[in-house]
Amino acid sequence: MDNQEVNVELVMLLDEWDPFKIGKGNYDTEIADCVYAVHKIDSVEELAAKIQKIYEFSFEETIPMENCLSISAKLLLTKESGSCAL
């Protein structure tokens, strides 16, 4: 996968995640910030903390860390699968 394909996959994962159950398509700003963070951070824990902060800033509500760790692991796996392509 090239970088653009990875980004599409990341966006789809985050859009489907819907942590506040407000429906797909309502997190564009947060998703953009998270995709940027995925490309800058390689640690599941660091990325989870960043994702938690991004959504908390926008929605003034904290997502449980275990939820953030779960999505963070999926995002980093997706990023890694894109960089390992031959």
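Student: Leaving aside its neighbours within four places in sequence, which residues is Glu56 in contact with?

Tutor: This is a predicted model, in which local features need pLDDT of at least 70 and side-chain atom pairs count only at pLDDT 80 or more, while totals for chains, interfaces and linings use all residues. Residues are numbered from 1 along each chain as its sequence is written, and side-chain values use heavy atoms, with hydrogens and water left out. Taking contact to mean heavy atoms within 4.5 Å, and setting those sequence neighbours aside, the partners of Glu56 are Glu61 and Thr62.

Student: Is Glu56 buried, partly exposed or exposed?

Tutor: Glu56 sits in helix H3, where a helix is a DSSP run of H or I with at least four residues, numbered from the N terminus. Buried means under 20% relative accessible area and exposed over 50%, with partly exposed in between, for a 1.4 Å probe and protein chains only. With a relative accessible area of 33%, Glu56 is therefore partly exposed.

Student: How do the directions of H2 and H3 relate, roughly parallel or roughly antiparallel?

Tutor: Axes are lines fitted to C-alpha atoms, for helices over the stretch in contact, and angles run from 0 to 180 degrees between N-to-C directions. The axes of H2 (residues 28–40) and H3 (residues 44–59) come within 10 Å and cross at roughly 160 degrees. Since angles under 35 degrees count as roughly parallel, over 145 as roughly antiparallel, 65 to 115 as roughly perpendicular and the rest as oblique, H2 is, relative to H3, roughly antiparallel.

Student: How many aromatic pairs does the structure hold, and what is the centre to centre distance for Phe20 and Tyr55?

Tutor: Rings of Phe, Tyr and Trp (its six-membered ring) pair if their centres lie within 6.5 Å, and planes under 30 degrees apart count as stacked, over 60 as edge-to-face and the rest as tilted. The structure holds 6 such pairs. Phe20 and Tyr55 form a tilted one, with 50 degrees between the planes and a centre to centre distance of 6.5 Å.

Student: How many residues apart in sequence are the parts tied together by Tyr27 and Tyr55?

Tutor: Tyr27 and Tyr55 form a tilted aromatic pair, 5.7 Å centre to centre with 55 degrees between the planes, and both residues are buried. Because Tyr27 lies in the loop between H1 and H2 whereas Tyr55 lies in helix H3, the pair ties together parts whose separation in residues is 28.

Conventions
Helices (H or I, at least four residues) and strands (E, at least two) are DSSP runs, numbered from the N terminus.
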